[in-house]
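Here is a short report on how one model is put together.

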Number of protein chains: 2
Amino acid sequence: MQSMESRASNNTETVTSRLRALIMDGTLPQGEKITETGLAALLQVSRTPVRLALAALEQEDLVRGAPNRGFHVRRFTIDDMREILDVRATLEGMAARLAAEKGLTGDEESLLRSCIEELAALIATGQHDQAAFRTFSSINIRFHTHIARIAGNAELIRLMERNPFRSAPLLHILPAEEALQVLRESQRDHIRLLEAILQGQGTRAEFLMREHALLPLSKATQLFDHINTNTAMRSIQQAG
Amino acid sequence: MQSMESRASNNTETVTSRLRALIMDGTLPQGEKITETGLAALLQVSRTPVRLALAALEQEDLVRGAPNRGFHVRRFTIDDMREILDVRATLEGMAARLAAEKGLTGDEESLLRSCIEELAALIATGQHDQAAFRTFSSINIRFHTHIARIAGNAELIRLMERNPFRSAPLLHILPAEEALQVLRESQRDHIRLLEAILQGQGTRAEFLMREHALLPLSKATQLFDHINTNTAMRSIQQAG
DNA sequence: TTTCCATAGATTGCATGCAATGTTCTCAGT
DNA sequence: ACTGAGAACATTGCATGCAATCTATGGAAA
């Protein structure tokens, strides 16, 4: 899953990664105008790789460009985030279904189990600080990534990797108590999911996964009338 | 849905469209090596727009490139096509579900109904030549596109537009009798789908749509041990 | 004959210049 | 003061040159 970052022998990919990071962590705020020359100066490269990077991020829909009028950072409304997470939930559900239909090898099962055990251990400590949430997210991502791998559909994996919100726990913007509760419910989902997959219950796995993927968002919208999308994106970025 | 073609004020988009067409219609066969200079000479432009077009199509996964070693046309195995259609079916299913959950306005309903009536009229003529299949495909695409619009999820539409196989009836590679049967079964699916959507039966609509989207592929694989992916892609291209 | 290395050719990756297109500011006219 | 036209400025889109990298060919050594 980290294949999109880091590995960068050429400048273009470096610029793409850095620009993506600048956007996701809010350094470049939503709606900010981006000029090729400006970015080139900022990142100390020529306009060529910048242009290529912008084209790439335009396809990811992180920046938007009008012909002859340059680019600006996409504005994410709360509805945009909801839509993206909705698609993500559907794709994750498909991955779970395929995994269940295909069945697990012993190795695959134990890998998923170990994720669940690590999460259980983490929750048992009762910690609810930022560090704990980060650890939780990284294990969680491993769990989800592995299910996608097991599903074995390359096109599916490709789309999931391009989705801006990898695993979007939104934990960081929730009050600590609420966040802990999300952790616990998530963990219960994980256990049920593995059970469904092991028993080859494709449809059950699919719907469990959908619910699971939408859990943090529904929690967050229960609590806030209006989510600040800048904060939310920073939160998601920190989670990865 | 045709937004990706035609509208091309600048060279880069023109080159992108033309290159995509060259690949989809088999002029550039699968696995063919593509050099920037070669394409630039062929299309009478400089390397710059070619480079941008290649980067775009790489993200669509129609061409693949190794660092410093250029690009080649992606090879589609039959399994690749299956995977892509599987994802497409899931996304189409999501669109149907959202449409059902949202409900139709009068205009939306009558637009879908008119598609169905046109298809019924076409089938009633009993024609089963290439021209009839093309007409069928174009109406069919309108039907599906409209459902996606009704669903109203921009991210979903974006992914569906990027899927290489828009509506993939594969009719052209089936024997005429089989193709006609596919038409009839499709039409039955359409009617049921509209019914489910009108009654707000989201899950039913979702699963009907999935089956519907996979129908042509399963028919084709019933008949052939091995589908020639070049022929199949040409067929899909003709359908669009 | 086979293997390895070196050199020549080809191709990509990047930087930059130039023309075309947009944007903004000024200033005259109302 | 306000509007509109025009010019100055800024920015993109494209072409092209150059260096770095990769590939291929040929020849020498085992």
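Which residues in α5(A) meet which residues in α6(A)? This is a predicted model. From α5(A) come A:Glu108, A:Leu111, A:Leu112, A:Cys115, A:Ile116, A:Glu118, A:Leu119 and A:Leu122. They meet A:Ala132, A:Thr135, A:Phe136, A:Ile139, A:Asn140, A:Arg142, A:Phe143, A:His146, A:Ile147 and A:Ile150 of α6(A). The residues of this contact divide into 12 nonpolar, three polar and three charged.

**Geometry of the helix pairs**

| Helix pair | Angle between axes | Axis separation |
|---|---|---|
| α5 (residues 106-124) and α6 (residues 130-151), chain A | about 165° | 10 Å |
| α6 and α8 (residues 176-198), chain A | roughly 20° | within 12 Å |
| α8 (residues 176-198) and α9 (residues 202-223), chain B | roughly 175° | within 9 Å |

The helices α5(A) and α6(A) pack at about 165°. That angle is over 145 degrees, so the two are roughly antiparallel. Their crossing is left-handed.

Helix α6(A) also packs on α8(A), with axes crossing at roughly 20°. This makes α6(A) roughly parallel to α8(A). The crossing of α6(A) and α8(A) is left-handed. On the α6(A) side, the contact uses A:Phe133, A:Phe136, A:Asn140, A:Phe143, A:His144 and A:Ile147. On the α8(A) side it uses A:Ala179, A:Leu183, A:Ser186, A:His190, A:Leu193 and A:Ile197. By class, there are eight nonpolar, four polar and no charged residues.

In chain B, α8(B) and α9(B) cross at roughly 175°. They are therefore roughly antiparallel to each other. Residues of α8(B) in this contact include B:Glu178, B:Glu185, B:Asp189, B:Arg192 and B:Glu195. Among their partners in α9(B) are B:Arg204, B:Leu208, B:Met209, B:His212 and B:Lys219. The contact has nine nonpolar, four polar and seven charged residues.

**Domains and copies**

Chain A is divided into domain 1 (2-73) and domain 2 (78-239). The centres of these two domains, taken over C-alpha atoms, are separated by 28 Å.

Note on methods: Residues are numbered from 1 along each chain as its sequence is written. Chains are lettered from A and ligands numbered from 1 in the order in which they are written. This is a predicted model: local features need pLDDT of at least 70, side-chain atom pairs count only at pLDDT 80 or more; totals for chains, interfaces and linings use all residues. Side-chain values use heavy atoms; hydrogens and water are left out. Domain bounds come from an automatic or database domain assignment. Axes are lines fitted to C-alpha atoms, for helices over the stretch in contact, and angles run from 0 to 180 degrees between N-to-C directions. Helices (H or I, at least four residues) and strands (E, at least two) are DSSP runs, numbered from the N terminus. Angles under 35 degrees count as roughly parallel, over 145 as roughly antiparallel, 65 to 115 as roughly perpendicular and the rest as oblique. A crossing is left-handed if the near helix is turned anticlockwise from the far one by less than a right angle, and right-handed if clockwise. Contact means heavy atoms within 4.5 Å. Ala, Val, Leu, Ile, Met, Phe, Trp, Tyr, Cys and Pro count as nonpolar, Asp, Glu, Lys and Arg as charged, and the others, Gly among them, as polar.
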